[in-house]
Amino acid sequence: MLRSAARKKDWTLTKEAFERLLDSLDANRERAGEKYENVRRKLIEFFEARGSNSPADHADQTINRVAKRLEEGEGVKDISAYSYGVARFLLKETLRGRGKEPLTLDLAPAPLIVTDENEDERRHLEEARLKCFEVCLSNLPAASRVLIIEYYREEKGIKIEQRKRQADALNMSLNALRLRACRIRAELGDCITSCLDRSREDTKSVIRH
Amino acid sequence: MEQIHDYEDACARYLLGELSEQEQTELEEAYFADDSLFERFLAVKDDLIDAYARGDLTGPSRERFEQHFLASEPRQQRVEEARGFIRAVTAASTNPAAVNTNNPAPAATTTSWWQPISSLFASRPLIWQAALAAGLLMALAGSLLLVRQFQSRRAERERVQSEEATRRKQEEELRRAQVFPANEDRSDRVGNKASNESDKRPQPKIANNKQTSGPVPTQVASLVLLPFNSRDAGGPKSLTLRSDTTEVRLQLVFKEESFSRYDVVLRTVGGEQVLHRRGLKAATNGAGKSVSVTFDASLLRHQDYLVTLNGINAQKQLEAIDDYYFRVERTTPQSTITPR
């Protein structure tokens, strides 16, 4: 995960600069890593909401700039808030570069993705994803598994009403249920991503042999 | 409490691009400063995508979602992922064997969720043990029910896969036959309810009508569309969707045009945009070209629809190619199809 920070655009992130960034986030390295991921996720959401087509790249550019400032000796009390400020500058620069405001769907150039391009590949990936999903789902604690299935499964009727009933049954508010479902889904998503990576590695290995 | 509600509402409006610049900045500052607010923001976002993927988002919200939220490619991917996730969860909800036995490390699975539960009994007072036992009994009863459903579900899945393969083959044959139909009467080939008509308009291929019993996991209704000819007075052809139809696949047939990418917009006759797919590629067969688009059946209501196919030229500008017209009729699996 942390390797994503090594991506660079304007400035090369050195190991020392990255260490300094982590130190600024937390003295405990594990917690620093978590905080780093959290800031990065916020930055991605920010750039995504502001119309970036490369939110992850922009997030990494922002982090690089923050790391650079720290290396230059700038005292930063709150990395998260500081990162947001830097992100806003980067966004303005990007928009200035484009010479226009964020584009709406109707005006935006065609995305590079091609949805129907390779049906076989898509199906293969879909099957692998489904398999990983089943494995990861089975690895969740039983209560989480039941909650996530109940929350997301397709049913007849209005979903929001069903979720209210689910929240009542669990004796929690709808917002609390929503948060819990979101957390479990994120956990599941991480597991599926790792599983797919492993699956791809296995496939490559089979091809090599 | 009101503040909590306000925050969730603000998040939704932020995601739909309905906040002013200042409001956006305030919201962003808030979630950058407070992790719990960021978590709530993510939850609202998940719910919004989920609602759209299910077709629960309607009216102006849906329009805003498509125009603003779906403006970037990463977000379009999120919606696709959400659809896949809903399908997978729905399948898993009736497939406990898939959940529990396809695990590459079965031992780990066995210990991962049974052992902690059994350890709860060892360390809790009697009243807790009773409560836990009751809870577990309920879970067990549910699981047994699910196991019973699994066998029939697996058989259904195999049947659907087989039907899907047959459908694709038939669809390909039909497409070949329909590319240059100018002077042909295709009514005998289509096999639809309007079998006495001889026209050049879209002919639905009602794969889902072949199903005879019980709900199945993925029901695809497929429709091969030829360009709409305004001189045809017979009205649109129908695509019949049963309540258990989950996906619709539209295949837009057109005469030879040279574009590298295509853009498909689906609208109601009233002009409400239902779907916008970009960057599609055309498939070519011996006789011509077609562009296919697959989407959730829940997006379609019982009404008429217009589909516009545009080509994206080298300057990334849209060029209109053809319009297509069809009617959606929603029916229950038991209902009888009445010829129009």
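**Entry 1. Terms and conventions**

I take two strands as paired if DSSP finds at least two bridges between them. Strands (E, at least two residues) and helices (H or I, at least four) are DSSP runs, numbered from the N terminus. I note that this is a predicted model, in which local features need pLDDT of at least 70, side-chain atom pairs count only at pLDDT 80 or more, and totals for chains, interfaces and linings use all residues. Residues are numbered from 1 along each chain as its sequence is written, while chains are lettered from A and ligands numbered from 1 in the order in which they are written.

**Entry 2. Strand β3 of chain B**

Six bridges join β3(B) to β10(B), residues 318-331, and the two strands run parallel. Within β10(B), T240(B) has E329(B) as its bridge partner, and L241(B) stands opposite R330(B).

I then checked burial (buried: 20 or more other C-beta atoms within 10 Å of the residue's own; exposed: 12 or fewer; partly exposed: in between; C-beta atoms placed from the backbone).

I traced an open sheet of five strands in chain B, in the order β3-β10-β9-β5-β6, with mixed pairing. Its edge strands are β3 and β6 (273-280) of chain B, each pairing on one side only. Neighbouring strands are turned by 25 degrees against each other on average, direction ignored; the axes are lines fitted to C-alpha atoms, and angles run from 0 to 180 degrees between N-to-C directions.

**Entry 3. L275(B)**

I located L275(B) in strand β6 of chain B. Is L275(B) buried or partly exposed? L275(B) is partly exposed because 18 other C-beta atoms lie within 10 Å. Not counting residues up to four places away in sequence, L275(B) touches L266(B), F295(B) and L299(B), a contact being two C-beta atoms, placed from the backbone, within 7 Å. The C-alpha atoms of L275(B) and F295(B) are separated by 8.5 Å, although the two residues are 20 apart along the chain.

**Entry 4. Nonpolar cores**

I examined the nonpolar cores (sets of buried Ala, Val, Leu, Ile, Met, Phe, Trp, Tyr and Cys residues joined through C-beta atoms within 7 Å). The largest has 61 residues, and those touching the most other members include L43(A), V66(A) and L15(B). Helix α3 of chain B, residues 35-54, gives the most to this core, with nine residues. A second, separate core of 28 residues includes V224(B), F254(B), L266(B) and F326(B).

**Entry 5. Helix α2 of chain A**

I recorded 21 residues in α2(A), residues 29-49, and a reach of 30 Å from first C-alpha to last, close to the 30 Å expected at 1.5 Å a residue; the expected span is 1.5 Å times one less than the number of residues. Among the buried residues of α2(A) are Y36(A), L43(A) and F47(A). After α2(A) comes G51(A), whose phi is positive, near 90 degrees.

**Entry 6. Confidence in chain A**

I read a mean pLDDT of 81 for chain A, with 82% of its residues at 70 or more; pLDDT is the predictor's confidence in each residue, from 0 to 100. Over residues 1-8 of chain A the pLDDT is below 50, and this stretch has 13 contacts in the model beyond near neighbours in sequence. Where pLDDT is low, the predicted coordinates should not be read in detail.
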